[in-house]
Amino acid sequence: DVPKATKPRCDSDDPRRGSFCDRHCNVQGDLGCHLHRPCVPPAMCPLSCCQQHSDEVCESCVVKTTLTAENAVEANKLSNNYKFGFKKWKSHVTARPWEDRSEIVKELYSDLNVIKSSGGSTVTCGNIFYLLLFGWWLSFLYVLVAAMMFVTIVGVPYGRLCWDLARYFLWPFGKVIQKVEVPKSHQALEGCEAGAGESSALLGGPVPRRWRPQCWVDAGYWQLAGAVAWLCLGYPVLVVAHGLVCVTAWLLIIFIPVAKLNARTAARVLLLPPERVLVRHLRMTEVPLEGEVILCCYRAINPYYYKYTVDGINVFAVNLLPLVLVTLVLGYVDSHNHLTSSSIKFTLALLSIMPLSYYIGMAIASISAQSNFAVGAVVNATFGSITELTFYITALIKGSREGNRCYAEIVKSALTGTLVGCVLFVPGLCMVIGGIRHQEQRFNSRSAGVSSALLFLSVGGVFAPTLFSKVYGKLVCGECHNVTQNPLGHYLCHNCHFDLMGNNGTLYYSHVQPLVYTVSLLLPAAYLIGLFFTLKTHSHIYDIHISDCHMPGHHHSAVVHWSRWRALVILLLSTLCMSACADLATEHISPILTNSTISQYFIGVTVLAMVPELPEIVNGIQFALQNNLSLSIEIGNCIAVQVCMLQIPILVLFTIFYPTNFTLVFSDLHVYASMFSVVLMNYIFMDGKCDYFQGTVLVMVYFILLAVYFFAPSPSGC
């Protein structure tokens with residue numbers, strides 16, 4: 001959704017802006033040239049600027065990145081996207097001006113009452129799908145209702161209307177429904193239409209407030225009797241049918257034009273007197289038409305409806321919200337699995353996490369964009385990892401209550417899967433998809449280097465207790481068999497692990513546990529130092545400048561989708577629902593762990609690790625398609641850094657107050673996979689540019705690691 005390219009201009013009457021050269025070259029000692037509010041293209045910088053300073057200085061002015069914001073709130077959101085530790089968010093947090101939107105997006109929100117001069121052929125695959133899915137039985141239903149209205153005698157006018165609508169809904173494309181003028185003898189009917197003043201986001205047009213049969217008294221007893229017969233016999237049946245089609249088409253998303261068509265029919269067309277409704281074919285109609293056009297549809301399918309939003313919320317998140325309600329009702333009402341099985345409840349709970357993650361991300365971005373830096377930092381640090389932490393903590397609590405070590409191993413697998421997926425899969429997928437549109441993509445290697453250094457530090461700190469236990473722990477094996485008959489020969493052992501509880505746990509409590517606490521304190525401290533480095537002392541390494549330019553003739557104030565209080569309420573409600581869904585997921589995961597032939601490692605590193613990150617993956621892909629690979633990479637890096645430097649220390653802190661089976665000692669497979677992933681990622685990001693081939697390498701390595709986890713045996717004790 002990109003507005004038409006228009007040459008930006010500046011408010012030249014602002015005395016604070018200074019000259020062109022001052023706006024482009026602001027030399028401060030040896031720091032070089034810093035771009036400040038670059039409303040005028042660098043090519044317009046006077047030659048005197050380059051004469052006063054070196055060519056290298058002026059070249060640095062040109063290569064710096066400039067982002068144009070529509071208003072102050074969007075500028076703050078864009079700036080937050082490039083701040084280390086802040087959640088990256090692609091969608092707008094304010095309503096975009098209508099005139100700045102593309103024609104494709106304008107068509108999504110337009111009413112189905114616009115007659116096009118050249119609509120083209122109406123015989124398309126989407127229209128044929130409509131005929132097969134909805135058209136034939138809707139038309140047949142109208143024929144039945146028409147026959148029923150003819151039988152009542154008094155409903156003959158409505159029978160004729162249903163007969164016309166039966167032909168219309170069989171193939172509504174290229175036809176028009178009009179509201180014609182009423183003769184003077186029928187002006188008493190106008191009172192029934194006087195209440196049409198409300199509007200609906202789905203219909204996009206006026207909707208009658210309420211049907212009032214007493215309006216028909218002045219028109220005569222015959223009309224009143226026909227209206228009563230219609231409201232009692234015909235209208236309810238058709239409303240139910242149109243409602244079913246409307247909901248189904250809305251859930252299919254690309255059929256939203258069909259949803260609008262049916263919703264507007266039920267709310268407007270069927271409530272009009274039959275003599276005021278005229279169904280005509282466009283080829284038999286002159287343009288412009290005399291009466292008001294209520295419906296005029298050309299296409300049943302529009303593939304661009306994935307961009308459609310309702311009050312700033314993407315249509316996918318809107319459609320998945322009822323799934324959350326269904327999950328909560330089934331989970332807590334059917335606690336004994338009389339209606340559904342545990343596997344279905346676990347799947348529903350896991351799918352419900354996706355829209356809730358979207359709402360949490362949208363709320364965080366809205367609050368941060370409308371607040372100062374301190375509030376935004378606190379909100380991001382508090383709720384940025386709430387999705388994952390909620391699931392991990394509920395799983396550890398359930399494992400502690402049941403005395404089952406498998407839950408702790410599942411949490412470790414999910415932590416490792418999130419780390420490996422965000423380091424390999426997320427940037428790799430963004431490189432592949434972005435590389436299809438752009439031959440070569442560049443990114444800020446300096447900022448990526450900061451995240452890479454923190455990743456090295458965090459991986460080393462997280463796995464330090466594991467390496468310590470390998471060195472000083474005692475190897476204990478469950479089953480050993482002599483391969484040869486010689487007692488001094490080779491033995492084949494199974495279920496081997498390093499025992500840290502020997503000698504009453506002296507090694508663990510005296511050495512490993514203090515090391516875990518030390519690491520859990522150092523990692524958040526390193527995270528804070530990284531925040532201070534990237535946001536305060538070395539913020540210039542991101543080279544991001546927000547321009548307050550605007551399009552000529554467009555002066556708009558920011559109209560936010562969610563105010564700060566509304567975003568806060570949605571954030572808290574989404575967090576509560578997230579906790580409930582995480583509780584249901586952990587409650588019903590036991591049958592999957594015990595009855596499934598798939599390794600628990602694989603379930604943890606795939607389903608439990610990557611499903612909550614799907615909104616972030618979508619954001620990264622959208623940034624990559626706009627040739628903004630820096631943000632795509634930062635999305636994965638920031639999540640991986642938060643896993644090691646925030647989530648794991650919080651889990652360790654939680655185990656202090658609520659003892660669980662969670663220890664910061666990972667299996668060898670987790671250690672090798674994580675370290676190899678971080679090393680490969682640093683090698684790929686070394687030169688600051690990439691293409692789809694390098695992205696393919698990262699994705700393939702990720703799938704190889706998944707294959708290793710798939711064929712790996714389950715953890716000991718599970």
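Modeller: I will begin with the model as a whole, go on to the sheet, and then turn to the aromatic rings and a few single residues.

This is a predicted model, in which local features need pLDDT of at least 70 and side-chain atom pairs count only at pLDDT 80 or more, whereas totals for chains, interfaces and linings use all residues. Residues are numbered from 1 along each chain as its sequence is written, and side-chain values use heavy atoms, with hydrogens and water left out.

The protein has 24 helices and 15 strands, where helices (H or I, at least four residues) and strands (E, at least two) are DSSP runs numbered from the N terminus. Its mean pLDDT, the predictor's confidence in each residue from 0 to 100, is 77, and 75% of the residues reach 70 or more.

The sheet in question is open and consists of three strands in the order β5-β2-β6, with antiparallel pairing; two strands are said to pair if DSSP finds at least two bridges between them. Because β5 (277-281) and β6 (292-296) stand at the edges and each has a single partner strand, one side of each is left without a neighbour in the sheet. From one strand to the next, the twist averages 30°. Strand β2, which covers residues 175-179, pairs with β6 in the antiparallel sense over four bridges, and K179 has E292, in β6, as its bridge partner. Helix α7 (residues 156-170) packs on this sheet and touches β2, β5 and β6, its direction making about 150° with that of β2. Here the axes are lines fitted to C-alpha atoms, for helices over the stretch in contact, and angles run from 0 to 180 degrees between N-to-C directions, while contact means heavy atoms within 4.5 Å.

The aromatic rings come next. Rings of Phe, Tyr and Trp (its six-membered ring) pair if their centres lie within 6.5 Å, and planes under 30 degrees apart count as stacked, over 60 as edge-to-face and the rest as tilted. The structure holds 22 aromatic pairs. In one of them, the rings of F134 and F255 have centres 6.1 Å apart and planes at 80°, so the pair is edge-to-face. Since F134 belongs to helix α6 (residues 125-151) and F255 to the loop between α8 (221-252) and α9 (256-267), the pair ties together parts that are 121 residues apart in sequence. Both F134 and F255 are buried, a word that stands for under 20% relative accessible area, with exposed over 50% and partly exposed in between (1.4 Å probe, protein chains only). F134 and F255 also belong to one aromatic cluster with Y130, W171 and F173.

Not counting residues up to four places away in sequence, N302 touches E107, L108, I254 and P257.

E74, placed in helix α4 (residues 72-81), is buried at a relative accessible area of 3%. I589, in the loop between α18 (564-587) and α19 (590-595), is buried with a relative accessible area of 3%. I589 and Y407 are 182 residues apart in sequence, and their C-alpha atoms are 9.4 Å apart in space. If its neighbours within four places in sequence are left aside, I589 is in contact with F346, Y407 and L608.

For the protein as a whole, 50% of the 718 residues count as buried. Of the contacts between residues at least 6 apart in sequence, 79% join residues at least 24 apart.

Confidence should be kept in mind when reading all this. Over residues 1-63 the pLDDT stays under 50, and the model has 80 contacts beyond four places in sequence for them. Residues 185-218 likewise have pLDDT below 50, and this stretch has 69 contacts in the model beyond near neighbours in sequence.
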